[in-house]
Amino acid sequence: MTIQSNLIVAATAGALSIAPAAAEGVKIGMITTLSGGGAGLGVDIRDGFQLAIDQRGGKLGGIDAELIVIDDAREVENAKQAATRLLRQDDVDIVTGIVWSNLAMAVVPAVTRDGEFYISPNAGPSALAGEQCDPNYFNVAWQNDNLHEAAGQYVTDQGIKKVFILAPNYPAGKDALTGFKRYFKGEVVSETYTQLGQTDYAAEIANILPAEPEAVFFFLPGGMGINFVKQYSQAGLIDEVPLYGPAFSFDEGILQAVGSAAIGVYNTSQYTHDLDNPANKHFVAAFEEKYGRRPSLYASQGYDAALLIDSAVAAVDGDLSRDDDFRKALEAADFDSVRGDFAFSSNHHPIQDIYVREVVADGDKVTNKTVAKVFTGHSNAYVDACKM
C-alpha cells in the first residue's frame, strides 16, 4: 500500500469538500486508520474533525482550512512515510489523527522535533505524557491510562475482589492494565497480554474460569473487542463472570457489530452521546444529520480537536508564525467541548470528568447509557515526570 494511493485531499470535489487554503490559511495533515483493522476508529475521527470545519464554512479560526488525510492502514512504516510527506512536501502547520499508540510513538517525536504542532485526537501513550512530553504536543482525548483507571475505581466500588485482566501487547495495552491496577484495590488473579490484531481468544477464555475471578476487565479496541465479546458470550461466560472495560471495546460502531451479547456490560468513557450539555446536543444532531449514524467517542475527539485548533488560530488572528502565542492559546483550551468541562494539565493532557456507561437495548439495536460519574476533573499520573 503506497501513501499516494491513500492520500485524500479535503478539497477534492465530492469527498471532504473544503475550499483550498489561501497562502494565509491553516494546513492540517491527518494521519489516521481508514482501512484494515480498526478502520472505523479513524473514519470517526476524520468525520468528526471534518464536521467542525464544514460548520465554519471551510475555515478554522476565521481562515481557510486545508485538510490532507492519509490512510496509515495501522502500519508504522505507512505512518512514518506519511509524516515525512506532510512535513517535507505538503508543509503542513499541524499534524493530527493517529489512532494507535505504537504509530504515535513512531511519528509524534519526529513532528515536534521538526518544530510543528501535533494535536492527538486519540492515542496518549504514557511516554509522551511523561519523560518524552513536548511543548508542541497536545492530546485532546485522554492519557492512555485514564479510562482504565476509572474502570479500576468502579470495579472496586462494586465490591469486586478478584479480577482477570487482559490487553494487547503494545504500548496502549500496557498503559491500560497499569491504569486499571492503579485504582483497583483487589487481587489480579491473571494478567494476560494478547497479540495486537488477534482474532481468536479461545485460549485466553479457557483460562478464565480456572483462575476463579469475580469479573474480567479487558482492553481490546476495534475488531479485537468485537471478536472477544462474541466469543466470550458464545462460551457462556457473560452471565457467570461479568465483563468490564473501557469505551474502546463498547463504542457505537463496535456495539452494532457485537449486538445483544454486550447488553448489561459496564464500560468507562469521557464521552457519551447522551451527555446533557448544549455543545454535545448540537454536535450529536449535526453529526447524525450529516453522516446518518450516532457519533462515537472517536468522532467526538476528532470534533474537539478541530474546535481546539479553531480557538487557537482565532486567538493569534490567523498568524501561525506566532508559535509561542499559538501554544499558549492551545493551552488555554478556550472552546466548548462536547464533554463539558475541559482543561489541559501541565503536560498537555486533558483534565476532565470520566463516566461509567451501561450497554442497553435501543429498539432493535444496542447503545450506551451514562450511568454515573466515576471521576471529576481527572488528570493523569505522569504530570510530575514531564519536565517542560
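1. Contact here means heavy atoms within 4.5 Å. Helices (H or I, at least four residues) and strands (E, at least two) are DSSP runs, numbered from the N terminus. The model is predicted: local features need pLDDT of at least 70, side-chain atom pairs count only at pLDDT 80 or more, and totals for chains, interfaces and linings use all residues. Residues are numbered from 1 along each chain as its sequence is written, and side-chain values use heavy atoms, with hydrogens and water left out.

2. Helix H5 meets helix H6. On the H5 side are His148, Glu149, Ala151, Gly152, Gln153, Val155 and Thr156. Their partners in H6 are Ala176, Gly179, Phe180, Arg182 and Tyr183. By class, this contact has five nonpolar, five polar and two charged residues. Ala, Val, Leu, Ile, Met, Phe, Trp, Tyr, Cys and Pro count as nonpolar, Asp, Glu, Lys and Arg as charged, and the others, Gly among them, as polar.

3. Now the geometry of that pair. H5 spans residues 146-157 and H6 spans residues 171-183. They pack at an angle of about 35 degrees, with axes 7 Å apart. Axes are lines fitted to C-alpha atoms, for helices over the stretch in contact, and angles run from 0 to 180 degrees between N-to-C directions.

4. A second pair is H11 (residues 278-291) with H12 (residues 297-315). Their angle is about 110 degrees, and their axes lie 12 Å apart. H11 is therefore roughly perpendicular to H12 (65 to 115 degrees). His282, Phe283 and Phe287 in H11 meet Ala299, Ser300 and Tyr303 in H12. This contact has four nonpolar, two polar and no charged residues.

5. The largest cavity holds about 120 Å³ of space. On a 1 Å grid over the protein atoms alone, a cavity is a set of points where a 1.4 Å probe fits but cannot get out; lining residues have an atom within 4 Å of a point. Its lining has 15 residues, with Val99, Asn122, Tyr170, Ala172 and Phe219 nearest the centre. By class, 11 are nonpolar, four polar and none charged.

6. The largest pocket holds about 360 Å³. A pocket is an open set with protein on both sides within 12 Å along at least five of seven lines. Of its 22 lining residues, Glu252, Gly253, Ile254, Gln256 and Arg294 lie nearest the centre. Helices H1 (39-55), H9 (223-234) and H10 (252-258) and strand S15 (365-378) each give two or more residues to this lining. The lining divides into six nonpolar, nine polar and seven charged residues.

Notes:
Angles under 35 degrees count as roughly parallel, over 145 as roughly antiparallel, 65 to 115 as roughly perpendicular and the rest as oblique. Grid points are joined across faces, edges and corners, and a volume is the space filled by probe spheres set on the points.
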